[in-house]
Amino acid sequence: MILAEAEIYPDRELAINPGQVFGNLNGIAARDPAFGLEAVWIDVAQRSQAQSLGYTVVDASTVVATHLNQILYKHCHELIGHEEVQQLLQVLAKGSPKLAEELVPGCCRCPVCSRCCRRCWPSRCRCATSAPLPKPSPTMPPRVKIPPRWWLRCA
């Protein structure tokens with residue numbers, strides 16, 4: 001299965017048309033593989049000319065890295081599984097141990113978190129809280145449970 005493909009010229013640079021340019025360039029017509037913008041593969045010597053005309057110029061390795069980043073971003077939900085979610089929860093536990101403790105197994109088990117991640121990432125959902133988290137105070141009993149009010153917000 002091919003997710004994406006592009007033709008790269010390692011000895012050239014990609015001049016990308018960001019929407020408004022003030023002239024044309026000699027080179028190999030193409031499309032920016034990451035975002036689909038009109039582009040031209042140019043000689044390295046044409047870089048300053050392309051920039052003066054309004055093009056965004058990037059080297060071939062940056063084109064590959066950006067394209068790969070976009071592919072991974074769009075398909076990360078297909079790559080994440082139980083092990084990856086477990087690693088994310090371990091990172092969360094290092095930074096916010098109480099939150100991690102409440103989340104798993106307090107609120108949900110790891111398989112539920114895995115399913116949630118796989119469903120949310122394609123739609124670019126973000127977690128948010130409806131109220132600020134309370135700050136501990138000397139008068140607050142140590143085992144007070146404040147019910148979290150979380151929801152998913154899709155961008």
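**View 1. A nonpolar surface patch formed by Leu-68, Leu-72 and Leu-79.** Together these three residues have about 290 Å² of accessible area (Shrake-Rupley method, 1.4 Å probe, with only the protein chains shown counting as cover for residues). Patch members have over 30% relative accessible area and no salt bridge, nonpolar side chains (Val, Leu, Ile, Met, Phe, Trp, Tyr) being joined within 5 Å and like charges within 9 Å; a salt bridge is a side-chain nitrogen of Lys or Arg within 4 Å of a carboxyl oxygen of Asp or Glu. Leu-68 lies in helix α2, residues 60-79 (helices, H or I, of at least four residues and strands, E, of at least two are DSSP runs numbered from the N terminus). The model is predicted: local features need pLDDT of at least 70 and side-chain atom pairs pLDDT 80 or more, whereas totals for chains, interfaces and linings use all residues. Residues are numbered from 1 along each chain as its sequence is written, and side-chain values use heavy atoms, without hydrogens and water.

**View 2. Strand β1 (residues 13-16) and its pairing with β3 and β4.** Strand β1 runs antiparallel to β3 (residues 38-42), joined by four bridges, and antiparallel to β4 (residues 56-59), also through four bridges (pairing requires at least two DSSP bridges). Glu-13 stands opposite Ile-42 in β3, and Ala-15 opposite Val-57 in β4. Glu-13 and Ala-15 point one way, Leu-14 and Ile-16 the other, and all are buried (under 20% relative accessible area).

**View 3. The largest nonpolar core, of eight residues.** Its members are Ala-15, Leu-25, Val-40, Ile-42, Ala-50, Leu-53, Tyr-55 and Val-57 (buried Ala, Val, Leu, Ile, Met, Phe, Trp, Tyr and Cys residues joined through side-chain atoms within 4.5 Å). A second, separate core of seven residues includes Leu-14, Ile-16, Ala-39 and Val-58.

Note on methods: Buried means under 20% relative accessible area, exposed over 50%, partly exposed in between (1.4 Å probe, protein chains only).
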